[in-house]
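Student: I would like to learn how to read a two-chain model feature by feature. Could you take me through one slowly, giving the general idea before each case?

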Amino acid sequence: MNKVALLLFASGLVVAQTTITGISVDEPELYYGFFSLRTQMQADISSAENDSIASERQASLAKYLHISEADFVRAGDVSKAVLARIVGVVSAAKAYNSQETAGRRMPDRAKLQAYQQQRTVALEDGMKELKKVLSPQGWSALHDFINGEYRSHLVRKEVSHANK
Amino acid sequence: MLTSSTRRIARSAVMCSLGLFWALCAQAQCQQETVTGWGASSTSIRLDSNHVQAYGQSWTSGDVYLQVTPYVESWQQLNGSTISIGYTGNNNPGSTAQVTLTTQLDPNGPGSYSIYSSHWFYWACANYTQNLGNTFGNAVVVYRPTITGVSAFWWLGGVLADNGYYAQSGLTANPNGASGTPYWTVNTVNCGGSVSLGCNPCGVRPASRPDCGQHER
């Protein structure tokens, strides 16, 4: 038993205490989770063996989100666009980090915060876009899904290795 | 009197200010930071006629979230017993770690399908992995599609006269949540009576025994 514990600590695998904190309604990261989920759903539809199964999957997934298939498609377009925008932010942040590392400089905190802010703005814009392009019933249902069922199965925690 | 920890931080600060020992500076920065770790498990979904699917997700946000690599491991369960496991490794910082678990219903049968996930976050700068804990998605209960109706109406085959009885009947098909076209077949003996039925949409559907020449009405 002691050997196992020693191995876990030596490899850095330490299970920390979990503190589940409240997640507010329309928290931008809720939408990041949804956009990622919706994009994965599209990949699952595309990987169907034939068109009939793909249609069946699309109908089932739209039903799961409580929206029509037309709104499901619109939500997919918004998700794809938002994630592409975030990939751009991440690429810029990574390039900046690499540049600073190569120059043996500490990354500027203000710049890192600015990249995070760009990500948050992209998510907020995505939420507004969903509201704009979905039917009123579709937006209402999807908003309820994201802030209800999806949020209820989501946890967040400040993670740090300060206790290492 | 300085503690060893205080001396270490002071030494790092001096080295950093001189632009020396970049690794130590990075380590010092890494030690002071936190990111927000996120984890989710979806409700299980009846994806199509023969599959149940669910998702597990981990990701990070915050000023230095690119320093942390998210991981997720998910377990799909049927009536509380694990039937499949998925894990995302080698995921890039800044992206979502996402597992999709899909199970074919045919070999597993009806029951309560659910998923739970464990969420991990790896700090490369400190070679440290932290666990967020587990998340649990809602279960979906899968029932087998059924047909109900009169029994063995097809046994009229082989008689010389059927006295007005038909080798056809109405069977009520209940998909029980299955999408697509549920399909049933009942086989007895060759041309002695077998029946097949598919429905989309389902409800009361006519079913006939196959054409067996002189025996068919």
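Tutor: What follows goes from the chains to their helices, then to their strands and the contact between them.

Tutor: This is a predicted model, in which local features need pLDDT of at least 70 and side-chain atom pairs count only at pLDDT 80 or more, while totals for chains, interfaces and linings use all residues. Residues are numbered from 1 along each chain as its sequence is written, and chains are lettered from A and ligands numbered from 1 in the order in which they are written.

Student: How many helices and strands does the secondary structure of chain A come to?

Tutor: Helices (H or I, at least four residues) and strands (E, at least two) are DSSP runs, numbered from the N terminus. Chain A has six helices and two strands, arranged from the N terminus as α-β-α-α-α-α-α-β, whereas chain B has three helices and 14 strands.

Student: What share of each chain is buried?

Tutor: A residue is buried if 20 or more other C-beta atoms lie within 10 Å of its own, exposed if 12 or fewer, and partly exposed in between, with C-beta atoms placed from the backbone. Buried residues make up 31% of the 164 residues of chain A and 40% of the 217 residues in chain B.

Student: What span should helix α5 of chain A have?

Tutor: The expected span of a helix is 1.5 Å times one less than its number of residues. For α5(A), residues 109-133, the 25 residues should span 36 Å, and the end C-alpha atoms are 36 Å apart, which agrees.

Student: Which residues of α5(A) are buried, and against what do they pack?

Tutor: An α-helix has 3.6 residues a turn, so residues three or four places apart point the same way. In α5(A) the buried residues include Leu112(A), Tyr115(A), Arg119(A), Ala122(A) and Leu123(A), and the buried residues of this helix pack against α2, α4 and α6 (136-152) of chain A. Contact here requires C-beta atoms, placed from the backbone, to lie within 7 Å.

Student: At what angle do α2 and α4 of chain A cross?

Tutor: Axes are lines fitted to C-alpha atoms, for helices over the stretch in contact, and angles run from 0 to 180 degrees between N-to-C directions. The axes of α2(A), residues 28-46, and α4(A), residues 69-102, come within 9 Å and cross at roughly 115°. Among the residues making this contact are Phe35(A) and Arg38(A) of α2(A), with Ala75(A) and Leu83(A) of α4(A).

Student: Turning to chain B, why is β7(B) described as largely enclosed?

Tutor: Eleven of the 13 residues of β7(B) are buried, so this strand is largely enclosed by the rest of the structure.

Student: Which strands pair with β7(B)?

Tutor: Two strands pair if DSSP finds at least two bridges between them. Strand β4(B), residues 68-78, pairs with β7(B) in the antiparallel sense over eleven bridges, with Gln77(B) opposite Ser114(B).

Student: Where do the two chains meet?

Tutor: The contact takes 49 residues from chain B and 41 residues from chain A. Strand β2(A), residues 154-159, pairs with β1(B) in the antiparallel sense over six bridges, and the bridge partner of Lys157(A) in β1(B) is Gly37(B).
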